[in-house]
Amino acid sequence: MAKFNHLYLNCASILLVEAKEEIRTRLNIEDVIGQYVQLKRAGRNFKGLSPFSQEKTPSFIVSPDKHIWHDFSSGKGGDVFAFVMEMEGLDFKGAMELLARKAGVDPSQFNRGDGSLSKKRERLFKAVDLAANFYQQIFVRTPMAIEYFKKRRLNKQVISDFRLGFSPTNNELCTALTKRDFTGVELRDAGLAVNRRGRIGDMFRGRMMVPLMDAQGRPIGFTARMVANEPNAPKYINTPQTLLYDKSRHVFGLHLAKDAIRQADFAVIVEGNMDVIASHQVDVKNVVATAGTALTEHHLRALSRFTQDVRLCFDADKAGIAATERAIAIASNMGINLGIITLPSGAKDPDELVQQDKNLWLQAIAAPQDAVQWLLKIYAKRFDLATAAGKRQATDQALEVVRHLSDPVLLEHYLGLIAAEVGVSVGALSKKLGHESAVQKSAEPIAKKMPIAPSDPNKFAHHDHLLAIFLAHPEILEELKTMLPSDFLGQTRQAIAANILQSVPLLQSDEIRVKIGELELIAQAKYSQFSSEVKSDATDIAKRIKRENKQIQRNELAKRLFLTEDQAQRAEINQQIKKLDKQIEALKR
């Protein structure tokens with residue numbers, strides 16, 4: 001293996017590193033991963049079937065010595081934190097909290113502060129969890145609630161899975177939790193209580209209680225649905241923003257849906273929590289909900305950990321249309337394919353459709369329409385396209401939706417669809433798209449753009465394989481002198497490549513340590529012995545990386561060309577594109 005020059009960090013992140021190391025030393029990576037994957041001993045390592053693909057031959061490897069795992073079928077890999085993030089759909093903080101609990105470590109001891117915020121969060125988690133248990137107990141002894149649940153056709157399994165309950169009509173919850181040493185301030189901070197006539201009282205009364213869970217399945221709040229008819233009372237009451245619950249980030253049902261989403265390779269987002277519950281009850285479990293139609297980047301990012309195919313089932317009303325308009329650019333720039341599910345006529349919502357016929361719901365989610373095309377149909381109905389004013393209004397709306405798309409191929413495709421639907425030329429639309437966009441793009445140094453980490457970095461696992469070959473067999477570097485650190489994807493790979501290719505001292509960080517361990521695992525499994533085949537693989541991968549980077553540059557130039565009207569600039573861009581085309585073609589040989 002190549003030797004590395006290490007410089008050690010001395011910064012604020014030292015506490016985080018200490019926390020990670022403490023958790024790592026207390027947990028065996030094979031034990032944690034073994035809770036998700038059936039592992040078998042293979043020499044010093046363990047092997048199993050990938051949890052991320054439907055492979056038949058095990059290619060998932062865990063190294064207890066390096067505390068690293070790598071999945072050759074998907075290209076994913078890393079340490080125990082990366083594995084939990086992938087499997088549970090958590091961010092790093094969430095994964096660390098989960099593993100800290102498994103390891104019996106209090107993360108607050110590593111905080112730069114006094115740990116009071118972490119301790120407060122744990123107190124609130126405990127309060128909300130106790131409240132969920134309390135509401136479940138109230139449900140089983142309340143005939144009215146049992147009758148209501150029967151009317152909704154909710155079976156015992158789904159009631160248990162979603163921890164559904166019922167809130168009493170008095171202040172029993174506050175009384176019960178006060179006896180468990182929770183203060184009124186804590187109950188208000190957890191969203192469980194409000195001040196009523198100067199006294200603390202239950203926030204939810206006489207309602208069906210639907211716990212809102214985080215990605216780990218911990219209750220963080222509630223949606224409370226009215227059961228009895230109460231004049232002027234809201235149908236739903238939701239937990240307000242708290243330290244635990246943030247509606248702009250929370251995806252309802254994700255803790256129960258993530259495995260089904262990964263297996264189906266698409267997620268369905270509906271408007272209501274009851275739509276999710278009804279779908280799960282008929283075993284269609286890749287369905288989740290947001291708070292109404294308030295779809296955000298955080299919601300899509302949480303789902304993107306499991307799939308790049310997201311399908312919306314929102315009403316075609318003002319709120320649903322607005323949510324779709326907002327989501328298109330966000331989804332596109334994250335590499336997510338966004339579709340729209342249309343329910344058959346007569347069905348008010350997925351809950352009602354499922355009650356009619358499960359197969360109708362399955363047919364609907366299996367036939368999504370492209371989100372932009374769906375919007376174009378809406379605009380065509382909204383505006384009179386036989387008039388100039390109607391065409392102007394429709395193109396105003398449509399171009400506002402697509403103008404922020406980063407992929408020039410997608411942009412050109414959608415401009416063609418808009419032109420056909422509205423009855424105008426693509427040229428006219430490209431002019432209307434904005435001269436200011438063309439001016440901005442013309443100022444960018446396209447030819448020297450560096451590869452940027454995409455939304456799905458696992459598509460670039462070949463970058464890791466080439467670095468692994470470099471590590472195992474540095475003698476091959478002499479034949480691949482044209483490779484540059486900037487050819488590789490992401491800062492971590494570029495730093496390692498700079499060390500290997502140019503002897504740049506390697507700044508030691510946990511990310512680099514983990515990546516090097518993963519590269520060594522790849523080298524050990526695939527490239528331990530130097531051969532003509534390994535040499536050929538390295539050459540082919542190097543060509544592929546060069547070719548892909550030049551294709552990125554070409555796509556950027558194509559977008560500039562599409563938006564540029566100045567003939568001299570167009571001629572210059574065309575020359576650059578032709579040059580890149582020749583280079584790309586040469587790299588295919």
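Is Asp-181 buried or exposed? To find out, select Asp-181 in this predicted model, where it sits in the loop that runs between helix 8 (172–179) and helix 9 (184–189). Asp-181 has a relative accessible area of 62%, and because a value over 50% counts as exposed, Asp-181 is exposed.

Next, select His-67, which lies in the loop between strand 4 (60–63) and strand 5 (68–71). His-67 is likewise a residue other than glycine with a positive phi, here near 60°. With a relative accessibility of 11%, however, His-67 counts as buried.

Now move to Leu-192, in the loop between helix 9 and strand 8 (193–196). Leu-192 has a relative accessibility of 1% and therefore counts as buried. If you display what surrounds this residue, leaving aside the neighbours within four places in sequence, you will find Leu-192 in contact with Ala-127, Val-128, Ala-131, Leu-173, Leu-177, Leu-187, Gly-201, Asp-202, Met-203 and Phe-222.

Beyond the neighbours within four places in sequence, the contacts of Ala-145 are with Phe-139 and Phe-166. A distance drawn from Ala-145 to Pro-168, C-alpha to C-alpha, comes to 10.0 Å, for two residues that are 23 apart in sequence.

The next stops are pairs of helices. Two packed helices are described by the angle between their axes and by the distance between those axes.

Select helix 21 (residues 461–472) together with helix 23 (residues 510–526), whose axes come within 8 Å and cross at roughly 80°. An angle from 65 to 115 degrees counts as roughly perpendicular, and therefore helix 21 and helix 23 are described as roughly perpendicular to each other. Showing side chains here brings up Asp-464, His-465, Leu-467, Ala-468, Leu-471 and Ala-472 in helix 21, which meet Lys-515, Glu-518, Leu-519, Glu-520, Ile-522, Ala-523 and Lys-526 in helix 23. Coloured by residue type, this contact divides into seven nonpolar, one polar and five charged residues.

Then select helix 24 (residues 532–563) and helix 25 (residues 567–586), whose axes come within 10 Å and cross at roughly 160°. That angle makes helix 24 roughly antiparallel to helix 25. The crossing of helix 24 with helix 25 is left-handed. On the side of helix 24, the residues that make the contact include Arg-547, Lys-550, Gln-551, Leu-557 and Leu-561, and among those of helix 25 are Arg-570, Ile-573, Ile-577, Leu-580 and Ile-584. The residues of this contact divide into seven nonpolar, five polar and six charged.

Finally, colour the whole chain by pLDDT, for which the mean is 86, with 91% of the residues reaching 70 or more. Select residues 1–12, where pLDDT stays under 50 and the model has 27 contacts beyond four places in sequence. Residues 435–455 also have pLDDT below 50, and this stretch has 35 contacts in the model beyond near neighbours in sequence.

Terms used: Residues numbered from 1 in each chain as written. Heavy atoms only, no water. pLDDT = per-residue confidence, 0-100. Contact = heavy atoms within 4.5 Å. Axes fitted to C-alpha atoms, helices over the stretch in contact; angles between N-to-C directions. Helix = DSSP H or I, 4+ residues; strand = E, 2+ residues; numbered from the N terminus. Parallel < 35°, antiparallel > 145°, perpendicular 65-115°, else oblique. Left-handed = near helix turned anticlockwise from the far one by under 90°. Nonpolar A, V, L, I, M, F, W, Y, C, P; charged D, E, K, R; others polar. Buried < 20%, exposed > 50% of the residue type's maximum accessible area, 1.4 Å probe, protein only.
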